[in-house]
There are 2 protein chains.
Amino acid sequence: MNIGLNLSFAVKRWMKPGQLARMCKEDFKVDHVQFTWDLIDPWWPDVPRDQMALSYKAAFEKEGVHIDAGFAGLAAYSYANLLAPSAVQRDIAFTYFKRAVDLTVAMGSKVLGTPVGGMNYDDARDEEKRSELYQIMLDYLRQLAAYGEERGLQEIHIEATPLWTEFPHSPEVSVQMMKDLEETAIPIKLLIDWGHALYKPLLKAEADMELWLKKCAPYVGSIHLQQTDGMLDRHWDFTKEGIVTPEYIKRAISASGLEEILQYLEVVTIFEEEDDAVYEGIKKTMDYLRQELSI
Amino acid sequence: MNIGLNLSFAVKRWMKPGQLARMCKEDFKVDHVQFTWDLIDPWWPDVPRDQMALSYKAAFEKEGVHIDAGFAGLAAYSYANLLAPSAVQRDIAFTYFKRAVDLTVAMGSKVLGTPVGGMNYDDARDEEKRSELYQIMLDYLRQLAAYGEERGLQEIHIEATPLWTEFPHSPEVSVQMMKDLEETAIPIKLLIDWGHALYKPLLKAEADMELWLKKCAPYVGSIHLQQTDGMLDRHWDFTKEGIVTPEYIKRAISASGLEEILQYLEVVTIFEEEDDAVYEGIKKTMDYLRQELSI
């Protein structure tokens, strides 16, 4: 088992490439990170955007830390993207994801990861419309995989979310979606987040990571690790009390045979949290997880 | 006193222009809204972006609802913007805000509103660096006001936030910043948010809306209304228990003589909240506020 770190904790706090890379390596002792689009927006004009991307790439390379993936953050998740009600907006989202491929490749990463978007109130409640939007979204993902192959990307990881107005949101829908995407130009895999998989108000008896991982095992590309109480999508660090224990992590991984899959700690704090408290939370969490999981 | 509505509640829930405009007019009975960049990202390619902007414009005009302003949402607030550590990123942010002016003007709105950005950990703790970034940010705002005038924008409203790593974050810093921006091409005013102004962990004895409004009165352009407990920036609707009472609202407005300033309810929910619960919260809040404030 190996633990990486999603850079979401650093948003608006530690944005200097050298400083952030050193912090990841020396303080948090990770070798693998996921870069977040909350640090560089794929929409930014190509030249200065890629200039920034290259300075993160160089800084992390210098520390020997792999930027495994470019991953959607809070800004990306604020939009309806590939499930938007209008064709105009869905097409804008496709342009966005192609730009995200460019950014990911510019940073030297092999994987792009993201949720696909969300449906409008009435679309989500209309079975025919849901099915139409689902097919449209799959088609865009197939095109994105083809674009990714062209640009040298190796995999796309689709994140399951805890909203029934999005796809995929359950083990069953996740497996179906992965089956529907089996013939893409580069592999499309699944990212499962502990806090999404354990979200009880939506999933009830299926709020069970062992069940999720066993059912989805052949398709899992990466995992997001967070502490949660199962009542909201908390994205807490592990200094908070929650239901994700080292025993649970070990059991779920071992039952599904996913020991090789990287789990990235993804802590999302409120903006008004003090920087030092965020730092301490990540530091203690990484130390705790390494000790408890014997990494 | 008049109450408007920031469209943040509608993000990823009610994105169809006609449906949203009708909901605002018929269900929530508002005549004034602030559009949020979480519904249309200023970065989106001009042609489809403005096509979407025009359909919102037409739909709200049809219902007789004024889109008073274009306002930064969660996506915009995820970036360091004009206070970013690198000159490259600050310049990207300036391009972003110019695009936001274009979007705002395309929707027929007169006001652009936004926080200015946030500082890196070490920059925020270095008095000299803070002062340098503050001056750079002011200069960009002056240029933005000039660009706004050119495009037909009438005012820029800068939002005070509950973070000392951002400007402005207190009544004193707000007044100073407004004084420093008195000679701009179009007026730059202040937006004060109830939940930011009452944030006790930062403001202590100054977490007092009457004090904020009295001190800042000559500069206030608009107000964000939310329910809060003063311990975090809650952005609750008024079905939740909190410290913002109708009496408090009336007292603070009357003490500062700001009866003419519009207060926009800005509710921000977690993504996994059910749509119907969000709708009910807004509906009950608008009914309650209208009754209690005798509007």
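This is a short tour of the model, from the meeting of two chains to two single residues.

**Before you start**

You are looking at a predicted model, where local features need pLDDT of at least 70, side-chain atom pairs count only at pLDDT 80 or more, and totals for chains, interfaces and linings use all residues. Residues are numbered from 1 along each chain as its sequence is written, chains are lettered from A and ligands numbered from 1 in the order in which they are written, and side-chain values use heavy atoms, with hydrogens and water left out.

**Stop 1: where chain B meets chain A**

Show both chains together. Chain B gives 50 residues to the contact and chain A gives 50 residues; contact here means heavy atoms within 4.5 Å. The two chains bury about 4600 Å² between them, with 58% of it on carbon and sulfur atoms. Buried area is the accessible area (1.4 Å probe) that two parts lose on being put together, summed over both. Now select B:Lys12, B:Tyr79 and B:Glu272: in chain B they lose the most area to chain A, together 16% of what that side buries.

**Stop 2: the links across**

Next, pick A:Asp123 and B:Lys16. They form a salt bridge, with the closest N and O atoms 2.8 Å apart. Between chain B and chain A the count is 8 salt bridges, each a side-chain nitrogen of Lys or Arg within 4 Å of a carboxyl oxygen of Asp or Glu.

Helices H2 (46-63), H3 (74-77), H4 (87-106), H5 (121-124) and H12 (275-292) of chain B each supply at least two residues of the side that touches chain A. The largest share, 4 residues, comes from H2(B).

**Stop 3: B:Thr36**

Move to strand S2 (residues 32-36) of chain B, where B:Thr36 lies. Is B:Thr36 buried or exposed? It is buried, with a relative accessible area of 1%; buried means under 20%, exposed over 50%, and partly exposed in between (1.4 Å probe, protein chains only). Leaving aside neighbours within four places in sequence, B:Thr36 is in contact with residues including B:Asn6, B:Val11 and B:Phe71.

**Stop 4: B:Arg142**

Finally, select helix H6 (residues 127-151) of chain B and find B:Arg142. B:Arg142 is partly exposed, at a relative accessible area of 33%. Beyond its neighbours within four places in sequence, B:Arg142 is in contact with B:Asp180, B:Leu181 and B:Thr184.
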